[in-house]
Amino acid sequence: MPQAQKWVDKVGLAVLFPKADVVLPSLWEQVSDTPVSDWNEELGFLWRTKDLLPAEGRACVGKHLAHLASCVAPRLVPTLVAANGEPLDDPVVDAIRELGPLTKPQLRAVTGLPAKHVERSLVLGHRQLVLTNAFLVDEGSSWGSLAHDLVSRKWQLPKRLPPRDQARRELAGLVLAQAGELTAADLAGVFKWRRKEAAAVLDELAESYDGGGFRIWAEP
């Protein structure tokens with residue numbers, strides 16, 4: 001677990017499992033040299049790790065990047081919120097704000113909302129950096145249920161966040177340094193920005209060249 005924490009802090013942004021069209025590194029690739037398939041020791045470790053990292057305050061974990069389960073170094077949480085955070089007026093968020101971290105079954109019970117509505121609210125809350133994974137709750141099932149909390153409460157954001165354009169440059173620079181080269185579509189896919197927005201940020205960081213009908217930005 002400490003090694004996983006150090007790795008997340010080093011890379012800053014990562015996904016749990018690799019995906020072909022996502023340029024971020026994956027924690028799975030650090031613990032195994034085999035494809036994600038049948039259950040094995042490495043997969044068991046990663047399955048526990050994804051819940052323990054946020055529970056122990058080692059890393060922010062949630063569906064915050066590329067619509068995938070992802071890890072964010074605590075030092076970058078304010079930057080990511082500044083770059084991508086959006087307010088969300090939703091009864092699920094209101095319940096968590098008032099009652100503290102809650103699981104899906106608990107949210108259905110306290111809000112009276114159907115499972116699909118709760119799931120949709122949680123996905124949106126994670127994407128807009130309002131909600132995040134908190135810890136695993138034993139509710140009598142084999143796997144337990146994940147409790148969700150406010151990002152601002154779980155990670156104690158500063159009162160003043162960096163300006164959005166500055167935060168986006170920092171995040172884009174980090175991804176470019178990791179990948180070496182990026183297209184606007186690569187960067188947009190990570191943060192769900194418009195391609196024109198991603199291209200504008202990359203123009204501030206590096207020179208581009210023609211990649212055969214599309215632009216590619218290379219690390220300076």
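The structure is a predicted model, in which local features need pLDDT of at least 70 and side-chain atom pairs count only at pLDDT 80 or more, while totals for chains, interfaces and linings use all residues. Residues are numbered from 1 along each chain as its sequence is written, and side-chain values use heavy atoms, with hydrogens and water left out. Helices (H or I, at least four residues) and strands (E, at least two) are DSSP runs numbered from the N terminus.

**Pockets**

- The largest pocket has a volume of about 640 Å³, where a pocket is an open set of points on a 1 Å grid over the protein atoms alone at which a 1.4 Å probe fits, with protein on both sides within 12 Å along at least five of seven lines, and lining residues have an atom within 4 Å of a point.
- For such volumes, grid points are joined across faces, edges and corners, and the volume is the space filled by probe spheres set on the points.
- Of the 23 residues lining the largest pocket, Lys50, Asp51, Asn133, Leu146 and His148 are the closest to its centre.
- Helix H3 (41-55), strand E2 (60-65), helix H6 (104-111), helix H7 (115-127), strand E4 (131-137) and strand E5 (145-150) each contribute at least two residues to the lining of the largest pocket.
- That lining of the largest pocket comprises 11 nonpolar, six polar and six charged residues, with Ala, Val, Leu, Ile, Met, Phe, Trp, Tyr, Cys and Pro counted as nonpolar, Asp, Glu, Lys and Arg as charged, and the others, Gly among them, as polar.
- The second largest pocket holds about 210 Å³ of space, and of the 19 residues that line it, the closest to its centre are Asn84, Arg127, Gln128, Phe191 and Lys192.
- The largest share of the lining of the second largest pocket, three residues, comes from E2, and by class this lining divides into seven nonpolar, four polar and eight charged residues.

**Aromatic pairs and charges over rings**

- The structure holds two aromatic pairs, defined for rings of Phe, Tyr and Trp (its six-membered ring) whose centres lie within 6.5 Å, with planes under 30 degrees apart counted as stacked, over 60 as edge-to-face and the rest as tilted.
- Phe17 and Trp28 form a tilted pair, at 6.0 Å centre to centre and with 40 degrees between the planes.
- Because Phe17 lies in the loop between strand E1 (13-15) and helix H2 (28-31) and Trp28 lies in helix H2, the pair ties together parts that are 11 residues apart in sequence.
- Phe17 is partly exposed at 24% relative accessible area, whereas Trp28 is buried at 2% relative accessibility; buried means under 20%, exposed over 50% and partly exposed in between, with a 1.4 Å probe and protein chains only.
- Phe191 and Trp193 form a stacked pair, at 4.7 Å centre to centre and with 20 degrees between the planes, and both residues are buried.
- The charged end of Lys50 sits over the ring of Trp47, 4.5 Å from its centre, a term that requires NZ of Lys or CZ of Arg within 6 Å of the ring centre and within 35 degrees of the ring normal.
- The charged end of Lys154 likewise sits over the ring of Trp155, 5.9 Å from its centre.

**Sheet**

- Three strands form an open, antiparallel sheet in the order E6-E8-E7, where two strands pair if DSSP finds at least two bridges between them.
- Strand E6 (181-182) and strand E7 (208-210) stand at the edges with a single partner strand each, so one side of each is left without a neighbour in the sheet.
- E6 pairs with strand E8 (residues 215-218) over two antiparallel bridges, and Trp217 in E8 is the bridge partner of Leu182.
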